[in-house]
Amino acid sequence: MEALLSQGASLLPVKAEEEPVVASQSERPFQRSLQPGELRARSRVIPRVEMGAAGSYVLICPQEGELAFTTDSLEWFEWLCSLSSFRFIGHSGRFTAYREGQRSWRAYRTFHGQSHKQSLGTTDRLTIARLEEVAGMLQSRLT
């Protein structure tokens, strides 16, 4: 059997090995290392604030898992300052929030093929009440 296989293998055309083309150092564009905020922005999984089964909000970070601090606390606002975007899933609706500039945030939601945006305000105003209010505004556009 091995003899037949080795004879059959010799009948197959042999391709010449191709050498990979590698760009020289001078041809490569300059690449800088990314900042932590840029790395988080490029991640497909973004932090999430969602209403849990017990009616309280759960904060979920892709790198650290569930966070122990509560919403509207000093740690909450510090955490928001470190983000470029997050997902909100609340009682009144849901949206994706992203930073515009240094401190301003916008809520974004797409449904029925249309994109809807709503200003959230600055980081220091991103309380759960404000997030629920905007989620409700965006949800009302659905109907």
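Q: Which residues are in contact with Trp76, once its neighbours within four places in sequence are left aside?
A: Trp76 is in contact with Val49, Leu59, Phe69, Thr70, Thr71, Leu126, Thr127, Ile128 and Leu131, where contact means heavy atoms within 4.5 Å. These values come from a predicted model, in which local features need pLDDT of at least 70 and side-chain atom pairs count only at pLDDT 80 or more, while totals for chains, interfaces and linings use all residues. Residues are numbered from 1 along each chain as its sequence is written, and side-chain values use heavy atoms, with hydrogens and water left out.

Q: What makes a group of residues a nonpolar core, and which members of the largest one touch the most other members?
A: A nonpolar core is a set of buried Ala, Val, Leu, Ile, Met, Phe, Trp, Tyr and Cys residues joined through side-chain atoms within 4.5 Å. The largest such core has 22 residues, and Trp76, Phe86, Phe95, Leu120 and Leu131 are the ones that touch the most other members. Two or more residues of this core come from each of β2 (57–61), α3 (74–81), β4, β5 (94–100), β6 and α4 (128–140). The largest share, five residues, is given by α4.

Q: How are helices and strands named here, and how many does the protein chain have?
A: Helices (H or I, at least four residues) and strands (E, at least two) are DSSP runs, numbered from the N terminus. The protein chain has four helices and seven strands, and from the N terminus on its elements follow the order α-α-β-β-β-α-β-β-β-β-α.

Q: Why is Ser85 called buried?
A: Buried means under 20% relative accessible area, exposed over 50%, and partly exposed in between, with a 1.4 Å probe and protein chains only. The relative accessibility of Ser85 is 14%, so Ser85 counts as buried. Ser85 is found in strand β4 (residues 85–89), and, not counting residues up to four places away in sequence, it touches Ile46, Pro47, Ala97, Tyr98 and Trp105.

Q: What makes β6 and β7 a pair of strands?
A: Two strands pair if DSSP finds at least two bridges between them, and eight bridges join strand β6 (residues 104–111) to strand β7 (residues 114–122), which run antiparallel. Within this pairing, Trp105 stands opposite Gly121 in β7. The two strands form a hairpin with two residues between them, and His112 in the turn has a positive phi of about 55°.

Q: Why are Tyr98 and Tyr108 called partly exposed?
A: Tyr98 has a relative accessible area of 22%, and is therefore partly exposed, while Tyr108 is at 31% relative accessibility and so counts as partly exposed.
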